[in-house]
Amino acid sequence: MMDFMNLKKYLLISAFLLVVSSVFAEPVELTLKDGTVWNGETGEQISLVIHKGRNKSTVEGTLSRNAGQFIVVTTDTRDQVIFISDIDSISTESTTNTNVEDVDTANSEEPAESTPKPTKKVKPKVGKLSKGVFLLPLDGGVGEIIRSTEIREIAEHADTYGPGQIIILDINSPGGSVLTGVQMRDLLYDIRKRHRVIAWVDRATSGGAFLSFCCDEIYFRRSSNFGSITMWSGNFQGAAEPEMQAWITQLESVLAKSSRTPLFAAPMVVFAAQLSYDIDEETGKITYYDTTEGEFILSDGESVEVLSITADQAEHCGLSDGTADTFDELAILLDLDEWNEVDEEGRKLASNWKMNLERAGIEINELFGEFNGNVEAQSNGERIMKQIKAGKKLLSWANKLGESAMNFGLDDGFLGGPDRVAAIKRQIKELEQQR
Amino acid sequence: MNKRHVPMFIGSFLSLMFTFISFASEDDISIWADAVTETEDRGTSVLIIPMSGQTLTDIRSEVYAEIQEDIKTLNPDLIVIEIDCKDAQDIFYQQMGWFNPKEFGRFEGETKNLPAVAKVFRTHLKDIEQIAFVKDSMGSITPLTLSWEKVYMTPDARLTGTLALAARYSGISDENVRGKMRTAWTLLGSILGGYGKRDPDLMLSLVDPEKYLSGTWKGRKVEWFDHLNADFVIDPSNEMVPGFSATQAQELGISEATVDTLNDMLLLNDIREYHIVGEEITKELNDYVYKWRSNLTKAQLLWGDYQQQSGWATGNERKRWLVKNKNTIKSLISICKNYPAVRIRMGFDKQLRGLKNILEEIEKELRKPSGPTRGGGGPSMGGGGGGMRP
């Protein structure tokens, strides 16, 4: 049996060996699938081209471990296991401006170039995420002015800077179409998989509030008003009971998706629902109740108004993540060193869309009139020509307006509804026949 | 540090080191958990069979029968059937009525379609391991979905029954005839469920609204009953069919598990490395859907053209548009013959008699002696010979 002194010595040596092994680099020799041999050591900065199934990609990081069949490369975000057989090529990223060696040149018998190769500048990729902000103003009715296209486009633009960007939806909306809101829900959920999506609200009533709930975080302005998400039809009639209940359930699931209490849903839809909360003095933890038993009552179920809350109330009850009136204030709340707006793409998108809408509002009615024959013409032939021209311009507008075209009578048969675009095409054929 | 402290120091140091190592190995576990790797040619060979859209149009037995031999030759280790059939985008869309009924799954009078699809996979290809990976299974597709024993569902997926079969007999007033038809149609549920070793009471409740459904736990499995007296009741109505969320399906043992991705599902089946095979087969199936749907658009345009051109076939232009219409209808018949799915969606009869009659009528009109002053029109509009084009 090992005596105590020997045990101490053994442990000391073991510990030393463990420390040594973790401090000093180990030589690594890798034989790639094309037979080339790469020699290096752990701790080296390497860049690999890997071919996994149908995907080819590049990985940059530190070679941490060689396990025979695979290596572990530590990138800025994680340890990545890479099978040797997936590696197409390896190059060593020199930090001392000496040589950039790759498998093709490592075994070459040709003399090394006399002039040192310039150090390859490593582009920030996965992990080195600059916390860039992309701001998209969403000002107006949901479905009427606010639509999915601009949100999708700003996300695609942010995608080009890599995942983890901050997309801020600057929302000022009195509400709008429930269908459009729900379509945007799906889009926002998808964007949230790769970016941080923020609602920065001014006025967010009804659809505006729903849209905010679909985001990761919600920040208010001091003047904000938020809530009243009751669903109603065009003649100010509330939706029927089953639909209203379905809407509450829908809101509850959206709230839960962002880790907010689903109890906010019902009082924002029907005035009879109650909501109160307590705040634990020591921990600050908020407990919500669908009764009036909490110390702070948001909805007593007796007033005739559905729940709508201010910035102060929202912050106090934990609905908002903070209140900011300026970019700098918001930057602090977002845990940014400073307001770092990457570019003006979001503002451009919003402004272009606004201009298009204004033009559409003016032109489309006139075009419909012309298409229906309300044109000045010297002859029947000229009249028909002008009608056809107007029809083609309407089709062009339908294309340009996309999902919003139906607001201008240019429906495309969505969800089995009328297909007015097809009818215009048919009418153009009719006119061409008459010509 | 005196001597007494050395062992203590070493002990603490080692305990820290081991803590570090044990955390590291936890990290390794998570690395391995993520490490279901798609490779070029290593590991399990997986064939993906897409099954998306509408039964009877997108999902047609002859399309799968055509690739059956190719699959046998390919002989993959695993076939993953990716099922994504939805009548509406999600439950809320459904509740709000935001759906296109034309896109609902269909049976029409063709009871043989789904059993024939099941036969391809569950009989002819039964020697190859198969898994149904369900992204949505709403309505008509569900009996087929449950013909696979191993079903995995994504978190948002639904598995709902269908009223489409009941629609075939619910309007029959004679009780005996109705009863006979009810049995004939709803038997489809238990036939398809039989391939997946599913309980007949569960299967029938999914296709027959008059059936109830309750269950009793037997260990981790559920025994299903067509009454309301078991431990828990799933379908208490004799007017509706039940539906299950992914979580419910998992808890009730209808699905194996809820998974986010193909990789998650493979991991649960102990597959760490896989490679996709038969991409040309997968493409062929996707191409079929693309092609029939493109041809549907074309057929709708042709049908609109025919109707419009019928109105133009008068006076001097009569013959010109009759000839044009003859070609239009011929094209339409040709598309419908190549793609039965188009015929079904266009609502034409199975033998295309309606279209053929139109064609005959047009030819009859064209054979009539033409005269410059005679008016006319399409076949249904009567009319005379019409004039020749200058």
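In strand β13 of chain A, A:Tyr288 is the bridge partner of A:Tyr277. A second pair across these strands sets A:Ser276 opposite A:Tyr289 in β13(A). The model is a predicted one, in which local features need pLDDT of at least 70, side-chain atom pairs count only at pLDDT 80 or more, and totals for chains, interfaces and linings use all residues. Residues are numbered from 1 along each chain as its sequence is written, while chains are lettered from A and ligands numbered from 1 in the order in which they are written.

Strand β12 (residues 274–279) of chain A is joined to β13(A) by four bridges, and the two run antiparallel. Strands (E, at least two residues) and helices (H or I, at least four) are DSSP runs numbered from the N terminus, and two strands pair if DSSP finds at least two bridges between them. β12(A) and β13(A) form a hairpin with six residues between them, and in its turn A:Gly284 has a positive phi of about 80 degrees.

Elsewhere in chain A, strand β8 (residues 133–139) runs parallel to β9(A), and seven bridges join them. Within this pairing A:Phe134 stands opposite A:Ile167 in β9(A). Strand β9 (residues 166–173) of chain A is largely enclosed by the rest of the structure, because six of its eight residues are buried. A residue is buried if 20 or more other C-beta atoms, placed from the backbone, lie within 10 Å of its own, exposed if 12 or fewer, and partly exposed in between.

Chain B has 13 helices and twelve strands, and 37% of its 390 residues are buried. The largest nonpolar core has 84 residues, of which B:Val80, B:Ile81, B:Phe133 and B:Val134 touch the most other members. Such a core is a set of buried Ala, Val, Leu, Ile, Met, Phe, Trp, Tyr and Cys residues joined through C-beta atoms within 7 Å. Helix α10 (residues 279–312) of chain B supplies the largest share of this core, eight residues. Domain 2 (38–277) and domain 3 (286–381) of chain B each contribute at least three residues to this core, the bounds coming from an automatic or database domain assignment. Apart from this core lies another, of 65 residues, including A:Val133, A:Leu136, A:Val201 and A:Leu275.

A contrasting position is B:Thr73, placed in helix α2 (residues 61–74) of chain B. B:Thr73 counts as exposed because it has 8 C-beta neighbours inside 10 Å.

Confidence remains to be considered. The model scores ipTM 0.72 and pTM 0.73. Chain B averages a pLDDT of 87, and 86% of the residues score at least 70; pLDDT is the predictor's confidence in each residue, from 0 to 100. Over residues 9–33 of chain B, however, the pLDDT is below 50, and this stretch has 13 contacts in the model beyond near neighbours in sequence. Two residues are in contact if their C-beta atoms, placed from the backbone, lie within 7 Å. Where pLDDT is low, the predicted coordinates should not be read in detail.
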